[in-house]
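Could you walk me through this structure in plain words? I am new to reading protein models and would like a guided tour.

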Amino acid sequence: MSLPKTPSQTVGPYYAIGLCRRVENELVPLNDPAAIRVIGQLLDGEGRPIGDGMIEAWDAAGGRWGRSGTDADGRFSFVAAKPPALQGAAPRLDIYVFARGLLKHQLTRMYFPDEPEANASDPVLSSLPEADRAVLVAEQEDGAVRFDIRMQGERQTVFFAL
Amino acid sequence: MTSDESPIVLPDDPSFGDDVQVDYPGYRSTRLRAPKRPLVTLPEELHSVDGPVFGDETVSELDYDLTRQHDGEPLGERIVVAGRVLDDSGKPIRNALVEVWQANSAGRYKHQVDQHPAPLDPNFSGAGRCFTDDDGNYRFITLKPGAYPWGNHENAWRPAHIHFSVFGRAFAQRLVTQMYFPGDPLFRFDPIFNSVRDPKARALLVSEFDLATTQPEWALAFRWNIVLGHGGSGTTPLEEGHA
């Protein structure tokens, strides 16, 4: 027996009243010695900020989760620690993107910029064309790690099937 | 018809199964936001990866009752919304975090962006949370939300709905969706509802009136079960077909 799944619908513009009632963007506490700031911008097909999006970040290896709404400039931020590398895979965060206008959340991954060797041998990252690999690796920026998410366009973020 | 060439509601297309058409043209905000490139299939088996587990402190005792979050009672038609969270084999998902948010009975959200000229209710915030019990049951007490206008096309109104967010066991079981009420006259005009192209799948978004759970002299009840995707290994052919 396989029941049909309940279909997805957009999170809509007012998700914050239900999903952002408390601060949940710290996967690890700020004072954790391993804490890294993860920042980024969510951008639409014309490069404009998406001010009513929501990002969820999941560190499956460390069992740590967080979410962040986007502000008027499309900016989101997390406090995270770099997950341990598992079974030959590079450390990463699994990222879900939600927004008004997005009828189903989209899955992507953020890899870390200071792991060139692990990234080069990661089975998923290394299976992608070079331009797509670059899109999934965050950049160092003023002591933080920056990961912009582009929904469309030449540098569209790579989204994965579930 | 909108000013561009897209009809607001496209004809049914059962080949979509339980999936939603993410670039549905009638919902105009999809135009610059739905990804244009095909999704990349992951070689590894994501469906077996566990999702986040939430501690008891995530939910307070009265979070399930949206009518008791303020000093006074909110205005509107009090209702019970209850159902089960299941996996696609019909097994209950226990301890699933279910979060809801909605407009008040006048069709207004307590959100700064919502400028619909309908009254806010000082006794209604419109948000709730609960965990499912051992049989996968969730239950909320709330008000029937009002329909409200939006700017998608001329004279556009959303059918009454409650937003749901659900975390299953597996990371891949994450679901955000909307629950509707039976017999809403706005269904056939709403592009978000109709972005689910298979009418059988669309019907899964509509709750049922439930006399058995209705509480005499107190509140009507609506029943709505939520089926999350596969939490074990492998994907269904339908998922692959729309990947």
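Let's begin on the inside of this predicted model. The largest nonpolar core has 35 residues. Those with the most contacts inside this core come from both chains: Val11(A), Leu107(A), Leu136(A) and Phe160(A), together with Trp101(B), Tyr109(B) and Phe171(B).

Now step back and look at chain A. You will find three helices and nine strands there, and from the N terminus on they run α-β-β-β-β-β-β-α-α-β-β-β. The radius of gyration of chain A is 16 Å, close to the 15 Å that the globule rule gives for 162 residues, so this chain is as compact as a globular protein of that length. Its C-alpha atoms fill a box of roughly 40 × 40 × 40 Å along the principal axes. Of the 162 residues in chain A, 56% are buried. The accessible surface of chain A comes to about 6,500 Å², with 49% of that belonging to carbon and sulfur atoms. Chain A also carries 17 positive and 22 negative side chains, and the centres of these two sets lie 6 Å apart.

Chain B comes next, with three helices and eleven strands. The C-alpha trace of chain B spans about 55 × 50 × 35 Å along its principal axes, and buried residues make up 54% of the chain. Among contacts in chain B between residues at least 6 apart in sequence, 70% join residues at least 24 apart.

To finish, zoom in on one residue, His116(B). Where does His116(B) lie? You can find His116(B) in the loop between β2 (97-101) and β3 (127-131) of chain B. Is His116(B) buried or exposed? Its relative accessible area is 15%, and because buried means under 20%, His116(B) counts as buried. Leaving aside neighbours within four places in sequence, His116(B) is in contact with Ala106(B), Gly107(B), Arg108(B), Tyr148(B) and Pro149(B).

Methods:
Residues are numbered from 1 along each chain as its sequence is written. Chains are lettered from A and ligands numbered from 1 in the order in which they are written. This is a predicted model: local features need pLDDT of at least 70, side-chain atom pairs count only at pLDDT 80 or more; totals for chains, interfaces and linings use all residues. Side-chain values use heavy atoms; hydrogens and water are left out. Helices (H or I, at least four residues) and strands (E, at least two) are DSSP runs, numbered from the N terminus. Buried means under 20% relative accessible area, exposed over 50%, partly exposed in between (1.4 Å probe, protein chains only). Contact means heavy atoms within 4.5 Å. A nonpolar core is a set of buried Ala, Val, Leu, Ile, Met, Phe, Trp, Tyr and Cys residues joined through side-chain atoms within 4.5 Å. The radius of gyration is taken over C-alpha atoms; the globule rule is 2.2 Å times the number of residues to the power 0.38. Accessible areas come from the Shrake-Rupley method with a 1.4 Å probe; for residues, only the protein chains shown count as cover. Lys and Arg count as positive and Asp and Glu as negative; His and the chain ends are not counted. The place of a charge is taken as NZ of Lys, CZ of Arg, CG of Asp or CD of Glu.
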